[in-house]
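Please examine the sequence and the three-dimensional structure shown below.

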Amino acid sequence: MKCKWSDVSKYRGELFGIAIISVIILHYLGALHAGETNRILYMFARFYNGSVGSVGVDIFVFLSGYGIFYSLSKRETFKKFYQKRFQRVLFPYLVLGLFFWTIKDLIILKEPFPEFVYDYSLLSFWGRGVQSFWYIAFICLMYILSPIFFRLTADRKKAAAGIILLCGIDVICFLVSPQYFDKIEIALQRLPAYLLGMYCGKLSQGPEDKQEISNKLLLILAFSVPVKVAVGLMNHPLARLLNSYYAVFIIVAYVMIRNGMAGSQNRLFIAISALGACSLEIYVVHIAVRNLMGTLQFNLRNPLIYLLHLVIVIPLVRCFIMLQKVRLFKE
C-alpha cells in the first residue's frame, strides 16, 4: 500500500479525532499510573504511558504545522494570517480560561489578583511551568514563529538544519538549566514536530513523483517505534523528542491503511472526523474540567468520576461550537 504526503490532507480530520481520543485516554491512565491502584491496571498504564504516551499531542502539533504551511503558501498578508489563527485558538481559551482561572485562582485557592492575571495571560507557563493550558501558550508561539519556519521549508537542507537546531535547543536547555527545562519541556520538545509538519506540508504540494513516501523512509520511521518504547519506559527526560518521528510513523501508517480501504466512510470514521473538527474545543474544555475536578480533590482514577467529567465536557463543547458559529455569522 502506497501513499503520498498529500494524502494526509484527506484524513486530517480523522487524525485530529484519533489524537484527541488518545489524549483523553492518556490523562485517565496517567492518573492510574500516578496513584495507588490495582497492580494489573498500574502495569497496563505504565506500558501505555511508555509505549503510546502523549504521542497524540505530537500528532496535533505535526498536523497544525502541516496545515499552517498551506495557509502561508496562499501568500495572505501577515495581518490576515495572524488574525485567523489567533481568533481560532484564543476564542475558546479566553472565554473558558476566564471562568477557569477565576474559579481556581480567586475562589478555590484564593490567590491574589496579580496571580490570576499571570495565569490567565499564560505567562505563568513560560515563567514557572504552570501547565494547565500549556498547549495554547505553545501553539501561539508557533504561530508567531511560523513565517520563519516557512522560509526554512524552502529546501530539504534548510529544513533538516532547522529541525536539528530545534533538537539542539532542547538538549542545551536540558544541560544548562535542567530545572527550567523540566518546567517547559512539555512544549520545548514539541518544536521539531511543528517544523517537521510544515516541511511535510511543503512536500505535499510538490510534483506528484516527489510526494510518494518511499519504503525506505517508512522503515526509518518504523524504527522509531521500538526506540520510543525503550526510551519511554526508561522515562528519560528527552524521550519526548522521539515523539515527533513516532507521530509521523503513526500518521503515515494510518493513511496507508485508509488508502487500502478504498476511501470507505462508515459511521465510525465519520464520528472520529467529527471529533477532529472540534478537537481544540474538546481539548480546552477537557483540560479545564479535569483540572478543576482535581483541584477539588475528586478521585479521577475512579472510572465513574472520569466518565462524569466527560459528561460535563460534551455539552460545554457544544456550547462553544454554537458560540463560534454565532461569532462567525456576525463577522
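Q297 is placed in the loop between α16 and α17. The helices named here (H or I, at least four residues), like strands (E, at least two), are DSSP runs numbered from the N terminus. The model is a predicted one, in which local features need pLDDT of at least 70 and side-chain atom pairs count only at pLDDT 80 or more, while totals for chains, interfaces and linings use all residues. Residues are numbered from 1 along each chain as its sequence is written, and side-chain values use heavy atoms, with hydrogens and water left out.

Although Q297 is not a glycine, its phi is positive, at about 65°. Q297 counts as exposed because its relative accessibility is 75%; the term exposed denotes over 50% relative accessible area, buried under 20%, and partly exposed the range in between (1.4 Å probe, protein chains only). L296 belongs to the loop between α16 (279–295) and α17 (303–330), and with a relative accessible area of 49% L296 is partly exposed.

L296 also contributes to a nonpolar surface patch of about 700 Å², together with F298, L304, L307, L308, V311, I312 and L316. Patches are made of residues with over 30% relative accessible area and no salt bridge, nonpolar side chains (Val, Leu, Ile, Met, Phe, Trp, Tyr) being joined within 5 Å and like charges within 9 Å. The accessible areas come from the Shrake-Rupley method with a 1.4 Å probe, and for residues only the protein chains shown count as cover.

L122 is another non-glycine residue with a positive phi, here about 75°. L122 sits in the loop between α6 (113–120) and α7 (123–128). At 11% relative accessibility, L122 counts as buried.

**Buried positions in helices**

G97 lies in helix α5, which spans residues 78–108. Its relative accessibility is 0%, so G97 counts as buried. Leaving aside residues up to four places away in sequence, G97 touches P92 and Y120, where contact means heavy atoms within 4.5 Å. G97 and G127 are 30 residues apart along the chain, and their C-alpha atoms are separated by 18 Å.

S279 is found in helix α16 and is buried, with a relative accessible area of 5%. Residues up to four places away in sequence again being excluded, S279 touches F16, I20 and F60.

**Salt bridges**

The structure holds seven salt bridges, each defined as a side-chain nitrogen of Lys or Arg within 4 Å of a carboxyl oxygen of Asp or Glu. One of them joins the side chains of D7 and K10, at 3.6 Å from N to O. Because D7 and K10 are three residues apart in helix α1 (residues 7–10), about one helical turn separates them. D7 is buried at 9% relative accessible area, whereas K10 is exposed at 54%.

E14 forms a salt bridge with R258, the closest N and O atoms lying 2.8 Å apart. This pair links distant parts of the chain, with E14 in helix α2 (residues 12–34) and R258 in helix α14, 244 residues apart. Both E14 and R258 are buried.

E185 forms a salt bridge with R240, with 2.9 Å between the closest N and O atoms. Here too the pair links distant parts of the chain: E185 is in helix α10 (residues 178–188) and R240 in the loop between α13 and α14, 55 residues apart. E185 counts as buried at 10% relative accessibility, and R240 as partly exposed at 23%. Salt bridges that share partners join E115, D119 and R128 into one network.

**Cavities and a pocket**

The structure holds two cavities of 30 Å³ or more. On a 1 Å grid over the protein atoms alone, a cavity is a set of points where a 1.4 Å probe fits but cannot get out, a pocket is an open set with protein on both sides within 12 Å along at least five of seven lines, and lining residues have an atom within 4 Å of a point. Grid points are joined across faces, edges and corners, and a volume is the space filled by probe spheres set on the points.

The largest cavity has a volume of about 60 Å³. Its lining consists of V23, V57, F60, W134, Y135, L280 and Y283. At least two lining residues each are supplied by α4 (55–73), α8 (134–152) and α16.

The second largest pocket holds about 820 Å³ of space. Among its 24 lining residues, W5, R156, Y199, L203 and L217 are the closest to its centre. The elements giving two or more residues to this lining are α9 (156–176), α11 (191–203), α12 (208–211), α13 (215–234) and α14. The largest share, six residues, comes from α9.
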